[in-house]
Amino acid sequence: MANTDKDLDVLAIFSHPDDAELSVAGTLLKLKSLGYRTGVCDMTRGEMGTRGTVEARAREAHNAAAILQLDVRLNLEQPDGHIWLTEASRTAVVRVIRAYRPKLLLTTHWDDPHPDHAATCRIVREAARLATMKLYDGESGQAASKMPALAHSLFSRLVPPSFIVDVSEFVEEKMKAIRAHTSQFYSAGSDEPVTRISEKGFLQEIEQRMRYMGSLIGVEAGEPFYVREALNVEDPLALLTRPMNIYS
Ligand SMILES: [Zn+2]
C-alpha cells in the first residue's frame, strides 16, 4: 500500500481524456476494490476531438473519475494531436511521478498506431527512468523517486499479452465510466458529427474485446498487458495452475 496520503499505488497515464477508461478501467476498478490508491493522468484535454468542447470533456473526465473511484485525476494539457517526446513533456511527467510516487504505471504500448499514444508511451518510459535521477530537473526541488514498474495496455493484435487481468466483475462499471464521456460516444439524440468511436457499434466492440481477452484465460472478461521486463516469479506452480484456456 502507498506510504503517504498523496502517494499512489498505481497511476495510468494516457493521451486523451477517455483513453484510460477504454483501456484499463476494469483493472483500475479491480485494484481499487483490493484497497489500492489509484490515479489517472491525461496528457491532453482532447481539444482535437471532432465532438465535445474542452470544458465538456473536462466535466466528463471528472464524472468518469467518480465512477472509477479514482484518488487523483490529473491533466498535463499537452497539445492534442502533437504529443512529442520533448524535454518539456518528459519533465511534466517526471514531476507527476515524483509528486505521486506510484509503484506501477499503466500506459499504452509504443507500437500503438495512434501517434499520440505511441509518443505518450515513450514519454512515460523515459520519465519513469529520469525521475529516479536526483539531478534531472533538480530545480523543481522534488526528491528523486524509485523506478516504478510499467505495464503497457494493448489494443493491437500484433503484440501478444504478457498477462491478462480478470476484470469479469467490473465490466458494467467500466462501460459506465466510458459512457460518462457523453460527447464522445453514441447517444440517440446527439446532433454532433458521427465519428468511428461514436458509432452505435463501438461500445459493443469494446465489450466484445474484453470478452475475447477473458476467454483466453477462461474468465468472462479481461484486459491485456505487455511487460517489457522479465517477470520475477516466486512460485511457478501457483502461477501456472491458475485457470487458463489451453486453446489460447
Ligand atoms: Zn487516445
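Is Arg90 buried or exposed? In this predicted model, Arg90 turns out to be buried, with a relative accessible area of 18%. That puts Arg90 under the 20% cut-off for counting as buried. Its salt-bridge partner is Glu126, and the N to O distance between the two side chains is 2.7 Å. Glu126 sits in helix α4 (residues 115-130) and Arg90 in helix α3 (residues 87-100), so this pair ties together parts that are 36 residues apart in sequence. Glu126 itself is partly exposed, at 29% relative accessible area.

The count of salt bridges comes to 14. Another of them pairs Asp18 with Arg57, at 3.5 Å from N to O. Here the loop between β1 (10-14) and α1 (19-33) supplies Asp18, while Arg57 belongs to helix α2 (residues 54-67), so the contact ties together parts 39 residues apart in sequence. What about burial in this pair? Asp18 is buried, its relative accessible area being 4%, and Arg57 also counts as buried, at 4% relative accessibility.

Strands get involved too. Asp42 and Arg73 form a salt bridge whose closest N and O atoms are 2.9 Å apart. Arg73 comes from strand β3 (residues 72-78) and Asp42 from strand β2 (residues 38-44), so to speak two distant parts of the chain, 31 residues apart, that the pair links.

Note on methods:
Residues numbered from 1 in each chain as written. Predicted model: local features only at pLDDT ≥ 70, side-chain atom pairs only at ≥ 80, totals over all residues. Heavy atoms only, no water. Salt bridge = Lys/Arg side-chain N within 4 Å of Asp/Glu carboxyl O. Helix = DSSP H or I, 4+ residues; strand = E, 2+ residues; numbered from the N terminus. Buried < 20%, exposed > 50% of the residue type's maximum accessible area, 1.4 Å probe, protein only.
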